[in-house]
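Hi everyone, thanks for coming.

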Amino acid sequence: MKRTTMSLIGVTAALAAATGVAAVAAPGGGAGPAPQSGTRLPVQRSALLCPAPTSSEVAETAYTAFTPPGAAAGADAKKGTARLQPTGTVADSSGTPAGKGGKDAGKGKKGGGTADSGTGQVVPPTDTNPVVPLQEAGKPVTASTDSANAPALAGSADGALAPGWTVQQTTAVSAGAGRGLLGLSCTAPDTQFWFPGVSTDSGRTDYVHLTNPDPTPAVVGLEMRGKDGPLAGGGEDITVPPHATVPVLLSTLTGTPTADAALHVTVRSGRVGAAVQANDAKTGGDWLPPAADPAATTVLPGIPADATDVRLVAVAPGNADADLKVQLATPTGAITPAGLDTLHVKSGMTTSVDLKDVTKGEAGSLVLTPSDSGSAAPVTAALQVIRGKGDNQEMAFIPATRAIEARGSVADNRAKGSTLSLVAPEKGKDATVKVTASAGSGGGTPVSKTYTVKGGTTLAVQPPQPQGLKGSYALTVEPQQGGGPVYASRMLALPQGQVPAFTIQPLPDDRGSVVVPTAGQDLSLLTK
(Lines give C-alpha, C1' and ligand atoms only; values in the text may rest on other atoms or scores of the structure.)
Protein backbone atom coordinates (compact mmCIF):
# COMPACT_ATOMS: atom_id res chain seq x y z
CA MET A 1 0.00 0.00 0.00
CA LYS A 2 2.81 2.43 0.85
CA ARG A 3 4.55 1.76 -2.47
CA THR A 4 1.29 2.37 -4.34
CA THR A 5 0.79 5.66 -2.48
CA MET A 6 4.25 6.87 -3.44
CA SER A 7 3.58 6.04 -7.08
CA LEU A 8 0.37 8.02 -7.00
CA ILE A 9 2.24 10.96 -5.51
CA GLY A 10 4.68 10.88 -8.38
CA VAL A 11 1.88 10.77 -10.93
CA THR A 12 0.08 13.66 -9.21
CA ALA A 13 3.25 15.76 -9.25
CA ALA A 14 3.84 15.15 -12.94
CA LEU A 15 0.24 15.95 -13.86
CA ALA A 16 0.29 19.12 -11.77
CA ALA A 17 3.34 20.53 -13.50
CA ALA A 18 2.11 19.50 -16.93
CA THR A 19 -1.43 20.83 -16.64
CA GLY A 20 -0.89 23.86 -14.43
CA VAL A 21 -3.27 22.57 -11.75
CA ALA A 22 -2.16 23.93 -8.40
CA ALA A 23 -1.43 21.33 -5.74
CA VAL A 24 -2.67 23.57 -2.93
CA ALA A 25 -5.79 25.72 -2.97
CA ALA A 26 -6.21 28.12 -0.04
CA PRO A 27 -9.58 29.68 0.84
CA GLY A 28 -10.43 32.35 -1.67
CA GLY A 29 -8.89 30.54 -4.57
CA GLY A 30 -5.27 31.51 -3.91
CA ALA A 31 -2.38 29.08 -3.96
CA GLY A 32 -1.25 28.11 -0.50
CA PRO A 33 2.35 28.34 0.72
CA ALA A 34 4.69 25.59 -0.36
CA PRO A 35 5.22 22.95 2.31
CA GLN A 36 8.79 22.74 3.63
CA SER A 37 9.41 19.39 1.95
CA GLY A 38 7.76 20.33 -1.36
CA THR A 39 9.14 22.11 -4.40
CA ARG A 40 7.49 24.88 -6.40
CA LEU A 41 7.95 24.31 -10.15
CA PRO A 42 6.80 26.30 -13.19
CA VAL A 43 3.76 24.99 -15.01
CA GLN A 44 4.37 23.45 -18.41
CA ARG A 45 1.02 24.32 -19.98
CA SER A 46 -1.56 27.13 -19.63
CA ALA A 47 -4.94 27.72 -21.28
CA LEU A 48 -6.88 30.97 -21.89
CA LEU A 49 -10.23 31.91 -23.41
CA CYS A 50 -11.28 35.34 -24.76
CA PRO A 51 -15.00 35.99 -25.42
CA ALA A 52 -16.30 37.58 -28.62
CA PRO A 53 -15.53 41.26 -27.99
CA THR A 54 -18.52 43.17 -29.38
CA SER A 55 -21.24 43.28 -32.02
CA SER A 56 -20.83 47.04 -32.50
CA GLU A 57 -20.05 48.39 -35.96
CA VAL A 58 -18.13 51.32 -34.42
CA ALA A 59 -15.62 49.51 -32.25
CA GLU A 60 -11.99 48.48 -32.34
CA THR A 61 -10.49 45.68 -30.26
CA ALA A 62 -6.83 45.29 -29.34
CA TYR A 63 -5.38 41.97 -28.18
CA THR A 64 -2.09 41.87 -26.27
CA ALA A 65 -0.34 38.64 -25.25
CA PHE A 66 2.53 38.42 -22.77
CA THR A 67 4.53 35.95 -20.70
CA PRO A 68 6.91 37.32 -18.04
CA PRO A 69 10.56 36.35 -18.55
CA GLY A 70 12.45 34.01 -16.27
CA ALA A 71 9.36 32.11 -15.16
CA ALA A 72 10.83 28.78 -16.21
CA ALA A 73 14.26 28.69 -14.61
CA GLY A 74 17.01 27.80 -17.05
CA ALA A 75 14.59 27.57 -19.98
CA ASP A 76 15.14 29.19 -23.34
CA ALA A 77 12.79 32.21 -23.47
CA LYS A 78 11.93 31.30 -27.08
CA LYS A 79 11.30 27.62 -26.44
CA GLY A 80 7.58 27.01 -26.40
CA THR A 81 4.37 28.06 -28.12
CA ALA A 82 1.55 30.40 -27.11
CA ARG A 83 -1.32 31.23 -29.41
CA LEU A 84 -5.08 31.67 -29.63
CA GLN A 85 -7.40 30.25 -32.28
CA PRO A 86 -10.84 31.59 -33.31
CA THR A 87 -13.77 29.45 -32.14
CA GLY A 88 -17.20 28.83 -33.61
CA THR A 89 -20.35 30.51 -32.29
CA VAL A 90 -23.65 28.75 -31.62
CA ALA A 91 -26.41 30.22 -33.79
CA ASP A 92 -30.07 30.74 -33.02
CA SER A 93 -32.85 29.06 -35.00
CA SER A 94 -32.65 31.71 -37.74
CA GLY A 95 -28.94 31.09 -38.29
CA THR A 96 -27.81 34.34 -36.65
CA PRO A 97 -24.80 33.96 -34.31
CA ALA A 98 -26.11 34.13 -30.76
CA GLY A 99 -25.66 37.47 -29.06
CA LYS A 100 -25.68 39.34 -32.40
CA GLY A 101 -29.29 40.45 -32.22
CA GLY A 102 -31.17 37.61 -33.90
CA LYS A 103 -34.80 37.03 -32.97
CA ASP A 104 -33.91 34.11 -30.69
CA ALA A 105 -30.63 35.49 -29.35
CA GLY A 106 -30.12 34.40 -25.78
CA LYS A 107 -33.13 32.08 -25.73
CA GLY A 108 -33.18 28.36 -25.20
CA LYS A 109 -34.83 25.54 -23.34
CA LYS A 110 -35.96 26.46 -19.83
CA GLY A 111 -34.93 30.05 -20.58
CA GLY A 112 -31.38 28.87 -20.38
CA GLY A 113 -29.42 29.83 -23.46
CA THR A 114 -28.74 29.39 -27.12
CA ALA A 115 -26.94 26.08 -26.79
CA ASP A 116 -29.95 23.81 -27.16
CA SER A 117 -28.25 21.07 -29.17
CA GLY A 118 -31.57 20.18 -30.78
CA THR A 119 -31.88 23.52 -32.65
CA GLY A 120 -28.60 25.45 -32.43
CA GLN A 121 -25.84 25.11 -34.98
CA VAL A 122 -22.22 26.16 -34.72
CA VAL A 123 -21.25 28.97 -37.08
CA PRO A 124 -17.54 28.48 -37.85
CA PRO A 125 -15.15 31.45 -37.75
CA THR A 126 -14.41 33.11 -41.08
CA ASP A 127 -10.71 33.35 -40.26
CA THR A 128 -8.86 30.47 -38.58
CA ASN A 129 -5.40 32.04 -38.43
CA PRO A 130 -3.72 32.13 -35.00
CA VAL A 131 -4.05 35.38 -33.03
CA VAL A 132 -1.21 37.05 -31.06
CA PRO A 133 1.24 34.12 -31.22
CA LEU A 134 4.10 34.84 -28.81
CA GLN A 135 7.67 34.50 -30.03
CA GLU A 136 9.47 34.87 -26.70
CA ALA A 137 8.89 35.61 -23.03
CA GLY A 138 9.23 39.22 -21.93
CA LYS A 139 8.01 40.93 -25.13
CA PRO A 140 4.29 41.60 -25.75
CA VAL A 141 2.65 40.80 -29.08
CA THR A 142 -0.39 42.76 -30.29
CA ALA A 143 -3.16 42.47 -32.87
CA SER A 144 -6.34 44.43 -33.56
CA THR A 145 -9.69 44.13 -35.32
CA ASP A 146 -12.63 46.41 -36.08
CA SER A 147 -14.96 43.59 -37.09
CA ALA A 148 -18.40 43.41 -35.50
CA ASN A 149 -18.22 39.64 -35.97
CA ALA A 150 -14.87 39.02 -34.29
CA PRO A 151 -15.05 35.53 -32.77
CA ALA A 152 -14.18 34.23 -29.35
CA LEU A 153 -10.63 32.90 -29.02
CA ALA A 154 -9.29 29.80 -27.29
CA GLY A 155 -5.71 28.67 -26.97
CA SER A 156 -2.83 27.40 -24.90
CA ALA A 157 0.82 28.01 -24.11
CA ASP A 158 3.53 25.50 -23.32
CA GLY A 159 7.20 25.35 -22.46
CA ALA A 160 8.86 28.60 -21.38
CA LEU A 161 5.83 30.60 -22.56
CA ALA A 162 3.32 28.85 -20.27
CA PRO A 163 4.10 30.22 -16.76
CA GLY A 164 2.22 33.50 -16.32
CA TRP A 165 0.88 33.70 -19.90
CA THR A 166 -1.75 36.43 -20.07
CA VAL A 167 -3.84 38.01 -22.85
CA GLN A 168 -5.61 41.35 -22.54
CA GLN A 169 -8.65 42.17 -24.69
CA THR A 170 -9.45 45.91 -24.87
CA THR A 171 -12.37 47.23 -26.94
CA ALA A 172 -13.18 50.90 -27.57
CA VAL A 173 -16.83 51.42 -28.60
CA SER A 174 -17.38 54.98 -29.81
CA ALA A 175 -21.20 55.11 -29.83
CA GLY A 176 -24.39 53.21 -29.13
CA ALA A 177 -25.23 50.69 -26.43
CA GLY A 178 -22.22 49.79 -24.36
CA ARG A 179 -20.15 52.71 -25.61
CA GLY A 180 -16.91 53.30 -23.78
CA LEU A 181 -13.91 51.12 -22.97
CA LEU A 182 -14.37 47.38 -22.33
CA GLY A 183 -11.41 45.45 -20.99
CA LEU A 184 -10.81 41.88 -19.88
CA SER A 185 -7.87 39.69 -18.96
CA CYS A 186 -8.86 36.53 -20.81
CA THR A 187 -9.89 33.78 -18.41
CA ALA A 188 -8.63 30.28 -17.75
CA PRO A 189 -11.11 27.42 -18.19
CA ASP A 190 -12.65 26.14 -14.97
CA THR A 191 -15.71 24.34 -13.62
CA GLN A 192 -17.28 27.04 -11.41
CA PHE A 193 -17.62 30.84 -11.52
CA TRP A 194 -19.33 33.54 -9.45
CA PHE A 195 -20.43 36.89 -10.90
CA PRO A 196 -21.84 39.24 -8.24
CA GLY A 197 -23.08 42.50 -9.76
CA VAL A 198 -25.02 41.22 -12.77
CA SER A 199 -28.39 42.73 -13.59
CA THR A 200 -31.50 42.11 -15.66
CA ASP A 201 -33.06 45.44 -14.69
CA SER A 202 -34.38 47.99 -17.15
CA GLY A 203 -31.59 49.65 -19.11
CA ARG A 204 -29.08 46.81 -18.57
CA THR A 205 -28.27 44.08 -21.09
CA ASP A 206 -25.99 41.41 -19.62
CA TYR A 207 -24.70 38.36 -21.49
CA VAL A 208 -22.61 35.58 -19.99
CA HIS A 209 -20.21 34.19 -22.60
CA LEU A 210 -19.39 30.49 -22.19
CA THR A 211 -16.46 29.17 -24.25
CA ASN A 212 -15.44 25.54 -24.51
CA PRO A 213 -11.73 24.94 -25.34
CA ASP A 214 -11.97 21.17 -25.56
CA PRO A 215 -12.85 18.61 -28.27
CA THR A 216 -15.84 17.28 -26.28
CA PRO A 217 -19.07 19.11 -25.34
CA ALA A 218 -19.40 20.87 -21.99
CA VAL A 219 -22.64 20.94 -20.00
CA VAL A 220 -23.30 24.06 -17.93
CA GLY A 221 -25.87 25.14 -15.35
CA LEU A 222 -26.72 28.79 -14.64
CA GLU A 223 -28.37 30.06 -11.46
CA MET A 224 -29.27 33.63 -10.57
CA ARG A 225 -29.55 34.83 -6.98
CA GLY A 226 -31.07 38.04 -5.66
CA LYS A 227 -31.86 39.71 -2.35
CA ASP A 228 -34.49 37.05 -1.57
CA GLY A 229 -32.50 34.01 -2.73
CA PRO A 230 -32.52 31.99 -5.96
CA LEU A 231 -34.47 33.58 -8.80
CA ALA A 232 -37.08 31.52 -10.62
CA GLY A 233 -36.01 30.09 -13.94
CA GLY A 234 -32.33 29.57 -14.56
CA GLY A 235 -30.56 27.61 -17.26
CA GLU A 236 -30.17 23.86 -16.88
CA ASP A 237 -28.03 21.52 -18.97
CA ILE A 238 -26.82 24.12 -21.45
CA THR A 239 -24.60 22.35 -23.95
CA VAL A 240 -21.54 24.22 -25.18
CA PRO A 241 -20.24 22.41 -28.28
CA PRO A 242 -16.54 21.62 -28.73
CA HIS A 243 -14.34 24.60 -29.62
CA ALA A 244 -17.35 26.94 -29.58
CA THR A 245 -18.80 29.82 -27.60
CA VAL A 246 -22.35 30.40 -26.34
CA PRO A 247 -23.52 33.87 -25.24
CA VAL A 248 -26.58 33.67 -22.94
CA LEU A 249 -28.77 36.72 -22.31
CA LEU A 250 -29.30 36.81 -18.54
CA SER A 251 -32.77 38.34 -18.76
CA THR A 252 -33.96 35.04 -20.26
CA LEU A 253 -33.04 33.23 -17.04
CA THR A 254 -35.76 34.91 -15.00
CA GLY A 255 -39.04 36.60 -15.79
CA THR A 256 -38.57 39.35 -13.19
CA PRO A 257 -36.20 42.29 -13.84
CA THR A 258 -33.63 42.16 -11.06
CA ALA A 259 -30.78 44.51 -10.18
CA ASP A 260 -27.82 43.70 -7.91
CA ALA A 261 -27.96 39.97 -8.57
CA ALA A 262 -25.30 37.26 -8.63
CA LEU A 263 -24.80 34.63 -11.32
CA HIS A 264 -23.45 31.19 -10.45
CA VAL A 265 -22.00 29.17 -13.33
CA THR A 266 -21.54 25.46 -12.64
CA VAL A 267 -19.96 23.15 -15.22
CA ARG A 268 -21.40 19.66 -14.87
CA SER A 269 -19.33 18.09 -17.62
CA GLY A 270 -16.10 19.38 -19.15
CA ARG A 271 -14.85 22.91 -18.53
CA VAL A 272 -15.45 26.40 -19.93
CA GLY A 273 -14.24 29.95 -19.71
CA ALA A 274 -16.83 32.47 -18.55
CA ALA A 275 -17.17 36.26 -18.52
CA VAL A 276 -20.13 38.66 -18.37
CA GLN A 277 -20.51 41.58 -20.77
CA ALA A 278 -22.68 44.27 -19.18
CA ASN A 279 -24.14 47.12 -21.26
CA ASP A 280 -26.00 50.00 -19.66
CA ALA A 281 -28.05 52.54 -21.61
CA LYS A 282 -26.73 55.41 -19.47
CA THR A 283 -23.29 54.41 -18.18
CA GLY A 284 -21.82 52.46 -21.09
CA GLY A 285 -20.43 48.94 -20.88
CA ASP A 286 -17.59 46.77 -19.62
CA TRP A 287 -16.70 43.19 -18.86
CA LEU A 288 -17.40 41.75 -15.42
CA PRO A 289 -14.76 39.06 -14.79
CA PRO A 290 -15.30 36.16 -12.40
CA ALA A 291 -14.91 37.01 -8.72
CA ALA A 292 -12.52 35.15 -6.45
CA ASP A 293 -13.89 32.03 -4.81
CA PRO A 294 -16.04 32.73 -1.71
CA ALA A 295 -13.92 33.26 1.40
CA ALA A 296 -14.18 34.75 4.87
CA THR A 297 -12.09 37.78 3.82
CA THR A 298 -12.67 39.58 0.53
CA VAL A 299 -10.55 42.32 -1.06
CA LEU A 300 -11.68 44.54 -3.96
CA PRO A 301 -8.63 46.60 -5.03
CA GLY A 302 -8.31 49.87 -6.90
CA ILE A 303 -11.34 52.16 -6.63
CA PRO A 304 -10.41 55.29 -8.61
CA ALA A 305 -9.89 58.53 -6.74
CA ASP A 306 -12.47 60.33 -8.90
CA ALA A 307 -15.23 57.70 -8.70
CA THR A 308 -18.59 59.45 -8.59
CA ASP A 309 -20.57 56.38 -7.54
CA VAL A 310 -19.59 52.96 -6.18
CA ARG A 311 -22.02 50.11 -5.62
CA LEU A 312 -21.20 46.91 -3.72
CA VAL A 313 -22.96 43.59 -4.35
CA ALA A 314 -22.06 40.68 -2.06
CA VAL A 315 -23.37 37.11 -1.99
CA ALA A 316 -23.11 34.43 0.72
CA PRO A 317 -23.46 31.14 -1.15
CA GLY A 318 -23.11 28.81 1.83
CA ASN A 319 -25.50 27.64 4.53
CA ALA A 320 -24.70 30.40 7.03
CA ASP A 321 -25.29 34.14 7.13
CA ALA A 322 -22.24 36.41 6.99
CA ASP A 323 -21.67 39.48 9.17
CA LEU A 324 -18.94 41.62 7.67
CA LYS A 325 -16.80 44.51 8.80
CA VAL A 326 -16.47 46.96 5.90
CA GLN A 327 -13.34 49.07 5.60
CA LEU A 328 -11.85 51.31 2.93
CA ALA A 329 -8.07 51.05 2.69
CA THR A 330 -7.04 54.62 1.80
CA PRO A 331 -3.53 55.97 1.11
CA THR A 332 -3.18 56.84 4.81
CA GLY A 333 -4.97 53.93 6.52
CA ALA A 334 -8.18 51.96 6.88
CA ILE A 335 -11.44 53.80 7.57
CA THR A 336 -15.06 52.76 7.92
CA PRO A 337 -17.39 54.23 5.29
CA ALA A 338 -19.99 56.50 6.87
CA GLY A 339 -22.96 54.55 8.23
CA LEU A 340 -21.56 51.15 7.27
CA ASP A 341 -19.98 49.64 10.37
CA THR A 342 -21.18 46.14 9.46
CA LEU A 343 -22.87 44.42 6.56
CA HIS A 344 -25.22 41.44 6.98
CA VAL A 345 -25.47 39.00 4.05
CA LYS A 346 -28.12 36.29 4.38
CA SER A 347 -27.31 32.73 3.37
CA GLY A 348 -27.95 32.10 -0.33
CA MET A 349 -28.84 35.74 -1.00
CA THR A 350 -27.28 38.97 -2.21
CA THR A 351 -26.92 42.27 -0.39
CA SER A 352 -26.15 45.58 -2.09
CA VAL A 353 -24.95 48.93 -0.75
CA ASP A 354 -24.62 52.27 -2.54
CA LEU A 355 -21.29 53.66 -1.33
CA LYS A 356 -21.68 56.82 -3.45
CA ASP A 357 -18.40 58.76 -3.91
CA VAL A 358 -16.70 56.79 -1.14
CA THR A 359 -13.11 57.57 -2.17
CA LYS A 360 -13.62 61.36 -2.11
CA GLY A 361 -10.55 62.21 -4.17
CA GLU A 362 -8.21 59.49 -2.88
CA ALA A 363 -7.85 56.05 -4.45
CA GLY A 364 -8.88 53.19 -2.18
CA SER A 365 -9.73 49.50 -1.89
CA LEU A 366 -12.64 47.83 -0.15
CA VAL A 367 -11.83 45.15 2.44
CA LEU A 368 -14.55 42.86 3.85
CA THR A 369 -13.67 40.79 6.93
CA PRO A 370 -15.76 38.87 9.50
CA SER A 371 -17.14 41.26 12.11
CA ASP A 372 -15.99 40.80 15.69
CA SER A 373 -19.22 39.10 16.71
CA GLY A 374 -20.26 37.72 13.34
CA SER A 375 -20.00 34.52 11.40
CA ALA A 376 -16.93 33.79 9.27
CA ALA A 377 -19.16 32.45 6.51
CA PRO A 378 -17.64 32.70 3.02
CA VAL A 379 -18.72 35.50 0.70
CA THR A 380 -17.69 36.92 -2.63
CA ALA A 381 -18.45 40.34 -4.05
CA ALA A 382 -17.98 42.91 -6.80
CA LEU A 383 -18.09 46.67 -7.17
CA GLN A 384 -19.70 48.67 -9.97
CA VAL A 385 -17.69 51.87 -10.29
CA ILE A 386 -18.84 54.97 -12.18
CA ARG A 387 -16.76 57.95 -13.26
CA GLY A 388 -18.18 61.13 -14.73
CA LYS A 389 -21.56 62.81 -14.39
CA GLY A 390 -24.77 63.36 -16.33
CA ASP A 391 -24.60 62.16 -19.92
CA ASN A 392 -20.84 61.62 -19.63
CA GLN A 393 -20.74 58.65 -17.27
CA GLU A 394 -18.81 55.43 -17.76
CA MET A 395 -18.84 52.24 -15.67
CA ALA A 396 -16.38 49.47 -14.84
CA PHE A 397 -16.28 46.58 -12.37
CA ILE A 398 -13.91 45.44 -9.63
CA PRO A 399 -14.51 41.84 -8.53
CA ALA A 400 -13.15 40.24 -5.39
CA THR A 401 -9.58 39.28 -6.24
CA ARG A 402 -7.04 36.67 -5.17
CA ALA A 403 -3.85 37.85 -3.46
CA ILE A 404 -0.64 37.85 -5.46
CA GLU A 405 1.32 35.00 -3.89
CA ALA A 406 4.32 35.11 -6.22
CA ARG A 407 3.57 37.14 -9.34
CA GLY A 408 0.80 38.70 -11.41
CA SER A 409 0.86 40.46 -14.78
CA VAL A 410 -1.43 42.66 -16.85
CA ALA A 411 -0.87 43.55 -20.50
CA ASP A 412 -1.86 46.49 -22.73
CA ASN A 413 -0.54 49.45 -20.78
CA ARG A 414 -0.17 52.62 -22.80
CA ALA A 415 2.16 55.62 -22.62
CA LYS A 416 -0.71 57.46 -20.91
CA GLY A 417 -3.72 56.28 -18.95
CA SER A 418 -2.51 53.44 -16.70
CA THR A 419 -2.86 53.54 -12.90
CA LEU A 420 -1.61 50.64 -10.77
CA SER A 421 -3.25 50.13 -7.36
CA LEU A 422 -1.52 48.03 -4.71
CA VAL A 423 -3.19 47.24 -1.38
CA ALA A 424 -1.78 45.58 1.73
CA PRO A 425 -5.04 45.03 3.63
CA GLU A 426 -3.69 43.85 6.99
CA LYS A 427 -2.76 46.61 9.43
CA GLY A 428 0.83 46.37 10.61
CA LYS A 429 1.85 44.07 7.76
CA ASP A 430 3.69 46.24 5.27
CA ALA A 431 4.55 44.84 1.86
CA THR A 432 7.47 45.47 -0.48
CA VAL A 433 6.52 45.05 -4.13
CA LYS A 434 8.67 44.92 -7.25
CA VAL A 435 6.94 46.23 -10.38
CA THR A 436 8.50 45.56 -13.78
CA ALA A 437 7.51 47.28 -17.02
CA SER A 438 8.25 44.94 -19.93
CA ALA A 439 9.71 45.89 -23.26
CA GLY A 440 7.16 47.54 -25.53
CA SER A 441 5.42 45.63 -28.28
CA GLY A 442 7.28 47.82 -30.77
CA GLY A 443 10.48 48.33 -28.83
CA GLY A 444 11.93 49.58 -25.54
CA THR A 445 13.98 48.41 -22.58
CA PRO A 446 12.35 46.91 -19.43
CA VAL A 447 12.40 48.98 -16.23
CA SER A 448 11.76 47.86 -12.63
CA LYS A 449 10.79 49.85 -9.55
CA THR A 450 10.20 48.80 -5.94
CA TYR A 451 7.37 50.18 -3.81
CA THR A 452 6.55 49.88 -0.11
CA VAL A 453 2.86 49.56 0.74
CA LYS A 454 2.00 50.24 4.37
CA GLY A 455 -0.28 47.72 6.04
CA GLY A 456 -3.92 48.79 5.86
CA THR A 457 -3.38 51.18 2.95
CA THR A 458 -3.76 51.46 -0.83
CA LEU A 459 -0.96 52.83 -2.98
CA ALA A 460 -2.06 54.11 -6.41
CA VAL A 461 0.81 55.00 -8.75
CA GLN A 462 1.56 55.80 -12.35
CA PRO A 463 3.52 52.63 -13.12
CA PRO A 464 7.03 52.62 -14.56
CA GLN A 465 7.42 52.62 -18.32
CA PRO A 466 10.08 50.95 -20.44
CA GLN A 467 12.83 53.20 -21.72
CA GLY A 468 12.23 54.13 -25.34
CA LEU A 469 8.68 52.75 -25.29
CA LYS A 470 7.10 51.95 -28.61
CA GLY A 471 3.65 50.37 -28.61
CA SER A 472 2.06 48.94 -25.47
CA TYR A 473 3.70 47.09 -22.60
CA ALA A 474 2.96 44.73 -19.72
CA LEU A 475 3.33 45.17 -15.98
CA THR A 476 4.46 42.36 -13.68
CA VAL A 477 3.93 42.68 -9.92
CA GLU A 478 6.03 40.57 -7.54
CA PRO A 479 5.63 40.85 -3.73
CA GLN A 480 8.94 40.38 -1.97
CA GLN A 481 9.40 37.78 0.75
CA GLY A 482 8.71 38.67 4.36
CA GLY A 483 5.86 41.14 3.77
CA GLY A 484 2.12 41.02 4.23
CA PRO A 485 -0.37 39.91 1.57
CA VAL A 486 -0.75 42.09 -1.53
CA TYR A 487 -3.68 42.61 -3.90
CA ALA A 488 -3.59 44.67 -7.08
CA SER A 489 -5.52 46.07 -10.04
CA ARG A 490 -4.80 48.22 -13.08
CA MET A 491 -7.03 51.00 -14.40
CA LEU A 492 -6.68 51.92 -18.07
CA ALA A 493 -8.28 55.31 -18.85
CA LEU A 494 -8.70 56.34 -22.51
CA PRO A 495 -11.16 59.27 -22.61
CA GLN A 496 -13.62 59.54 -25.51
CA GLY A 497 -14.36 63.25 -25.79
CA GLN A 498 -16.12 64.25 -22.57
CA VAL A 499 -16.70 60.62 -21.54
CA PRO A 500 -14.06 59.38 -19.05
CA ALA A 501 -13.87 55.94 -20.66
CA PHE A 502 -11.98 53.44 -18.50
CA THR A 503 -11.69 49.80 -17.53
CA ILE A 504 -10.21 48.03 -14.49
CA GLN A 505 -8.48 44.64 -14.47
CA PRO A 506 -7.54 42.80 -11.25
CA LEU A 507 -4.10 41.21 -11.02
CA PRO A 508 -4.55 37.90 -9.17
CA ASP A 509 -1.64 35.52 -8.76
CA ASP A 510 -0.90 34.07 -12.20
CA ARG A 511 -0.55 30.52 -10.85
CA GLY A 512 2.52 30.11 -12.99
CA SER A 513 3.94 27.53 -10.60
CA VAL A 514 2.69 24.51 -8.69
CA VAL A 515 3.80 22.76 -5.52
CA VAL A 516 5.20 19.33 -6.21
CA PRO A 517 5.47 17.10 -3.10
CA THR A 518 8.59 15.06 -2.51
CA ALA A 519 8.41 11.28 -2.83
CA GLY A 520 6.91 9.68 0.27
CA GLN A 521 5.48 12.96 1.61
CA ASP A 522 2.18 12.78 3.48
CA LEU A 523 -0.23 14.59 1.12
CA SER A 524 -2.37 15.67 4.08
CA LEU A 525 0.40 18.18 4.89
CA LEU A 526 -0.47 20.05 1.71
CA THR A 527 -3.88 21.02 3.07
CA LYS A 528 -2.72 22.31 6.43
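Let me start with a question: is Phe 195 buried or exposed? With a relative accessible area of 0%, Phe 195 is buried. Keep that residue in mind, and keep in mind too that this is a predicted model.

Okay, the overall picture. The chain has 528 residues, and 54% of them count as buried. Its secondary structure comes to 39 strands and 1 helix. Now, take the contacts with a separation of 6 or more: 81% of those are between residues 24 or more positions apart.

The structure holds 1 aromatic pair. The partners are Phe 193 and Phe 195, and the pair counts as stacked because the ring centres are 6.4 Å apart and the planes sit at 25 degrees, under the 30 degrees that stacking calls for. Phe 193 is buried as well, at 6% relative accessibility. There's another ring to look at: Arg 387 lies over the face of Phe 502, at 4.9 Å from the ring centre.

On to the cores. In soluble globular proteins, nonpolar side chains tend to be buried together. Here, the largest nonpolar core has 30 residues. Which of them touch the most other members? That would be Ile 303, Leu 312, Leu 343, Leu 355, Leu 366, Leu 368 and Leu 383. Apart from this core lies another one of 29 residues, and our Phe 193 is among them, along with Val 248, Val 272 and Ala 274. If you zoom in on Leu 343, its contacts beyond four places in sequence include Leu 312, Ala 322 and Val 353, but also Asp 323 and Thr 351.

Next, a couple of serines in loops. Ser 56 sits between strand 2 (45-50) and strand 3 (59-66), and at 12% relative accessible area it is buried. Its side chain reaches the backbone nitrogen of Val 58 at 3.1 Å. Setting aside neighbours within four places in sequence, Ser 56 is in contact with Ala 148, Val 173 and Ala 175.

Ser 199 is buried, with a relative accessible area of 6%. A polar atom of the Ser 199 side chain lies 3.0 Å from the backbone nitrogen of Asp 201. Beyond its sequence neighbours within four places, Ser 199 is in contact with Arg 204, Asp 206, Thr 258 and Ala 259.

Last stop, the backbone. Most residues other than glycine have a negative phi. Asp 260 has a positive one, near 55 degrees, and Lys 360 has a positive phi too, near 50 degrees. Asp 260 is in the loop between strand 16 (244-249) and strand 17 (261-269), while Lys 360 is in the loop between strand 25 (350-356) and strand 26 (364-370). Asp 260 is buried, at 18% relative accessible area, whereas Lys 360 is exposed, at 62%.

Definitions and conventions
Residues are numbered from 1 along each chain as its sequence is written. This is a predicted model: local features need pLDDT of at least 70, side-chain atom pairs count only at pLDDT 80 or more; totals for chains, interfaces and linings use all residues. Side-chain values use heavy atoms; hydrogens and water are left out. Helices (H or I, at least four residues) and strands (E, at least two) are DSSP runs, numbered from the N terminus. Buried means under 20% relative accessible area, exposed over 50%, partly exposed in between (1.4 Å probe, protein chains only). Contact means heavy atoms within 4.5 Å. Rings of Phe, Tyr and Trp (its six-membered ring) pair if their centres lie within 6.5 Å; planes under 30 degrees apart count as stacked, over 60 as edge-to-face and the rest as tilted. A charge sits over a ring if NZ of Lys or CZ of Arg is within 6 Å of the ring centre and within 35 degrees of the ring normal. A polar contact is a pair of N or O atoms within 3.5 Å; within protein, one must be able to donate a hydrogen and the other to accept it, and residues adjacent in sequence count only if both atoms are side-chain atoms. A nonpolar core is a set of buried Ala, Val, Leu, Ile, Met, Phe, Trp, Tyr and Cys residues joined through side-chain atoms within 4.5 Å.
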